[in-house]
Structure formats: structure tokens, C-alpha cells
Amino acid sequence: MSNFSVTTPSKRQKWVAGILVTLYALITLMPLVWIIMTGFKSSADSIAYPPKVIFSPSLEGYVNLFTSQTRLTSEQVATTPPPATWYDKLVRSHQMVIVGPSRFGQRFLNSVIIGFGSTFLSVSLGTLAAYAFSRFKVPIKEDLLFFILSTRMMPPIAAAIPIFLMFRELGLSDTKLGMILLYTGVNLSLAVWLLKGFIDEIPFEYEEAALIDGYTRFQAFYKVVLPQAATGIASTAIFCLIFAWNEYAFAVLLTSGNAQTAPPFIPTIIGFGGLDWPAVAAGTTIFLLPIMIFTILLRKHLLRGITFGAVRK
Amino acid sequence: MSSSPMECAAKVTPRPLANSIRGLSDRGIAWLFVAPTIFLLLAINIFPLIWTIYLSFTNFRANRIGREVKFIGLRNYERILSDPDIWQTMQATAHFLLWTLFFQVLIGFTLAWLINRKFKGNDMWTTIIVLPMMLSPAVVGNFWKFLYHPQTGLFNYVVQFFTGVDSSSFSMIGDVSLAPWAIVIVDTWMWTPFVMLICLAGLRSIPDYLYEAASVDRASKWRQFWTITIPMVLPFLMLAVLFRGIENFKMFDLVVQLTGGGPGSITELTSINLKREAFEKWRTGYASAYAVILFVTVFGLASIYVKALNKVKER
């Protein structure tokens, strides 16, 4: 029968489509592969002409990313003890010496704390609110989608003006708590919307049965509804995490030393004599790789968040 | 609606039991659950909006705290609307917006259509194509600056390889005529997958029997494409355009890292311009009025668009 089906594409069609899509995917991949490769190049190789596809790998970029260094004069070279570790040796070959860790580790840690903190908060508050919106009559329910859309219309820079002033008044400027609360506020409306969709799909009969068995509302909520909504909660969490992880505009305006995250920091990594591209590429790789792996592992669950929950499967 | 089974259960059971079913009153739980969310949304979304509107009528400057704040009515708005520089940034934004939407819709739909041929391995390639849109726009903008480098950048080298144009003879982010296209290219690379995913969902929602019926009627493939595929995908495509349109109207992070608004102010989109006014020149009141104008513009355009979208859906 399938031979006569009008909706199954022919073999030739599949081949042509496959080749074209593969070609596009490879073009898409090229910049990403290039930046990962650059992280393993030496400074000279990173700006070689023509661009080097085959090169001898070096960890110089990664060492430069994580350490701060200073240049030695020739007399100082004679007096300092010989390098002890492989990274000391690598740095010393450029007449430099490691004086301590760089700020990258701290910035990366800030990204982790703020990312996970705000995700945890948005998902917990979001689940409670979504449950209430899904199961009870709450007056503002009907306006929710409209509300989400309209908060997303405000350019982040515009929203940053009053938030900058508010944080200054409350002493939240350049604190991790401030950033966690801010990202939670930004993510929350979307989280509630996505979660409400997931909870709506859980049949009410389950809870009803639990209530008749003598559970209280709270027990029914966390013993019946929460386990059922776990997948939905997880995919909402990934979506919130990606937003907080990637956010730049608020981070660059509202943080500086203490709570700065990685996105505003990475472009400012400079070595001696201009931008140290291998180090920038190394930082970019470390920062982007978790998200790439997440995307590949969790591709099925991400779709709903990406399409704003507007496209229901 | 959803609470009606509960209500029924409560009605038919005797009083004391009804109370235990309800536990804490439903209304109480509802408010308890919703309250923290409402509070945060008010604090982070609504309150700042109201404050911005208030500031837009004043001459407040955030870097001069002690100074007296004067109420100056509509002066800020008058100044903005008569400023030629602002119209220039609006033009840059319009150029960016229209071309990115054009390319993303064209490529995104084509890709979705091809992927829907369900060839072997389409899942894997789809995931790879989706990768760029998950990444941090600021970091992406920063590393594309490296790819666009005139002498050593990969992009210029690839252009030279395929067209023979000397790679050091042009600079994507340094030349006034090329910079607006440089940002369009990166945004298209990054966000085409979004349009593709939504189109794909649209294509997959078309029931097979429509095509079968059309074949029975001897409609050509070409005709089927225009009378079934396109009209069925159109609402999805329009939704994708709405989301991308809103996002690109407020574009900041990618472009500020890639070109910083330059060369000159040729790629200075409204958000970048707004950032200069608010956080470099510290004209807070003026910038607030600017923000309100931008918000009203997007809001107005989006409302009109949603009306059109609903009409398409009804058909």
C-alpha cells in the first residue's frame, strides 16, 4: 500500500532533501567548530593566514583563561625558580609567570549560582501559581498570555532603567540575590504559562481520588500532581536556566565586580598586546558547551519552551 | 470548570466530610499559591513600568542624586520625536528587522519543508541546526567578530575561497556598506532554526487526508502546495514572525558585542541608542520617555498584527 501513498515522499526526494539539510547543518556548525578549535591553538596559529585547519594543539588558551600572569624581565627570569608544573612551563616559554588565578572562575561560578538559583525559584513559584491557575478560579487567569507577551515587548534596556534605580535604593545592585530575583521575575510569567499547560493535561480525577481517600489539598498536590508534572517541570527548568545563563543586557548594566556573570566578562578577556583570542575562545567553549550538550540530550523537551508553549504537540 | 467535580463531591457528602475534602479553603490555597508570583511580577514587571512612565515626564538624571527633580510635562517626548538621530536609529532597526525576518522566513520554511520529507537522520541534523539559537547572543556576537576579521577571519577567507574577492579588501564590521548586513547574517544564522521549528510543527499538524483527497481530485503537487501546505502553515509562520519581530525590535546583546553600533552609528539599533542615553549620558528622564515610545510602538504594531493573525486563523 505504501507505494501508492501520496503523502510519503519518494526515495529521490528524500535524498535531495537529506543532502540539502545536511549541507545547511554543516554550514551552521562551522563557526562553532571553528571557535572550539581556536581555543586549542597557540596565539600565532589563531591569527595565521590562511586560517589553519591543521595545527599542533596547545592548551595555552585555557591556561591564559584561568590564570593571571605578569611579564618577566631577563634578570627576573634568572632569579625565579624553574617552573614546577606543565602550565608553569607553558607560561614561562613566553617569558611570563603566573601570579594567581584569573577572574574567570569566579564569573563562571556566578553564572552557575545565579542561573540555578533563579531557575529553582522560577520553577517552584511557577508550579504553585500554575497549579492554582489550572485548578481554581483566579481572576487574572484570562489575561495571562497577554501579560506575558506585553512584558516581553519591553526592551531589556528600558526595563533596566527603573530596576537600576530600584536596586540602588534596596542595596541590591551588583548582588547575586538581586540578579536571582530579577531573572526569576523575568522568567516567571513564561514559566507559569508553560507549567499551566502541563498541569492542565493531568486528569483531575487523580486528585479527586486522592482527596476522597482522605488526602488534604496540599498532600494531593505534592503526592499526586507534582510527580505527574515532573517532565513538564524539568523542561520548563531547562528553559529558565538557558535564559538566565545567556542573559547579557541586565548583567552588564546591573553588575560589575561582585555578581558579574560570564557573558559580560568573556568579551573583556585580554592578554598582552590586544585580545587573546585563544583564551576568549577557550572561555566561550567552556561557557557554551554545557548548553550545547543540554540541547542535544534534551532536544525533545526543549521544543515546547522554544515555541513559547504556543505550539502544542 | 475544572473545580466542578470537587464542588459536586462536596455537595453530595455530609458536612464534616466535605470540610476535610476541601482542607484549607480552596480560595485560601489559590491565593497562597499565586501570591508570591503576583508579588514578584508586580515588583519586577509592573512597578518598573509605572516608574518609567513617571520618570518620562521629568528631567531626572540617575547620576546626580541630590539634584531637584523637575516635572517638565511632554518636553522629553517632543525632543525625541523631533530628533533626526532617533529617526536614523529607527531606520537602522527597520532595515535589520525586515531583512532578518525575510531571510529567516525564507530559509526557515524551506528547511522545515525539506526536513518534513522525513529522510534518514533528519532528527540529528535538526538538533545540530537548532544549536546556535540556544547560545548566549552576547558571546555569539563576540566570537563572530573574530570570524569577521578582515585578514585572518574564517568568514572572509571562505568568501575569498568561493568568490575570489581578496579577503583583506573588505571588513564586514568596519565598512559602512557591509556592517548592516553583517548583523543580519549573524542573526539569521542564529535564529533561522526558531522559524524552522515552528514551521515544522505547522507542517506536521496538516492531516494526511487533505493531500489524499487532493490527489483523488487530481490536483498537481504544485497546486497542493499552494492550496493546502501554505494556508495551513501560514498561522504558524505568522506566529514565528511575531516572536522574531518583537525580539529583533529590542535587539541589543548580539549587535552591541558584534559592532557596538558602529561604524559611526550605522548599526546603532534603538536599544543600543537607548543604552547610550540612559547609561552613558545618564539622561534618565529622556531615556524613560524613549523607552515608553518604543514600548507603545511595539505594543501597537503587535496588536494590529495579532488581529491580522486571528483573521488568518479563522479562515
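For chain B, the corresponding mean is 86, and 92% of the residues reach 70 or more. Within chain B, helix α5 (residues 84–115) has the highest confidence, at a mean of 94, whereas helix α2 (residues 15–22) has the lowest, at 46. Two stretches of chain B have a pLDDT below 50. Over residues 1–6 of chain B the pLDDT is below 50, and this stretch has 10 contacts in the model beyond near neighbours in sequence. Residues 12–22 of chain B also fall below 50, with eight such contacts. Where pLDDT is low, the predicted coordinates should not be read in detail. For the complex, the predictor gives an ipTM of 0.86 and a pTM of 0.87.

The fold of chain A was examined next. Chain A contains 16 helices and four strands. Of its 313 residues, 45% count as buried. Helix α12 (residues 230–246) of chain A has 17 residues and reaches 24 Å from its first C-alpha to its last, which is close to the 24 Å expected at 1.5 Å a residue. This helix is mostly covered, as 13 of its 17 residues are buried. Helix α15 (residues 277–297) of chain A includes A:Leu289. A:Leu289 counts as exposed because it has 12 C-beta neighbours inside 10 Å, and a residue with 12 or fewer is placed in that class. A:Leu289 and A:Leu109 are 180 residues apart in sequence, while their C-alpha atoms are 15 Å apart in space.

In chain B, the domain assignment gives domain 1 (4–55) and domain 2 (79–314). The centres of domain 1 and domain 2 of chain B, taken over C-alpha atoms, are separated by 39 Å.

The contact between the chains takes 91 residues from chain A and 85 residues from chain B. On the side of chain B that touches chain A, helix α3 (residues 26–55) of chain B gives the most, with 15 residues. The residues on this side of chain B comprise 58 nonpolar, 18 polar and nine charged.

Nonpolar residues were also considered in terms of burial. In soluble globular proteins, nonpolar side chains tend to be buried together. The largest nonpolar core has 157 residues, of which A:Ala129, A:Ala158, B:Val186, B:Ile198, B:Cys199, B:Val255 and B:Ala291 touch the most other members. Helix α9 (residues 179–204) of chain B supplies the largest share of this core, 16 residues. At least three residues of the core come from each of domain 1 (4–55) and domain 2 (79–314) of chain B. The surroundings of one core member, B:Val255, can be described in detail. Apart from neighbours within four places in sequence, B:Val255 is in contact with B:Gly141, B:Ile183, B:Thr267, B:Leu269 and B:Ile272.

Key: Residues are numbered from 1 along each chain as its sequence is written. Chains are lettered from A and ligands numbered from 1 in the order in which they are written. This is a predicted model: local features need pLDDT of at least 70, side-chain atom pairs count only at pLDDT 80 or more; totals for chains, interfaces and linings use all residues. Two residues are in contact if their C-beta atoms, placed from the backbone, lie within 7 Å. Helices (H or I, at least four residues) and strands (E, at least two) are DSSP runs, numbered from the N terminus. Ala, Val, Leu, Ile, Met, Phe, Trp, Tyr, Cys and Pro count as nonpolar, Asp, Glu, Lys and Arg as charged, and the others, Gly among them, as polar. The expected span of a helix is 1.5 Å times one less than its number of residues. A residue is buried if 20 or more other C-beta atoms lie within 10 Å of its own, exposed if 12 or fewer, and partly exposed in between; C-beta atoms are placed from the backbone. Domain bounds come from an automatic or database domain assignment. A nonpolar core is a set of buried Ala, Val, Leu, Ile, Met, Phe, Trp, Tyr and Cys residues joined through C-beta atoms within 7 Å. pLDDT is the predictor's confidence in each residue, from 0 to 100.
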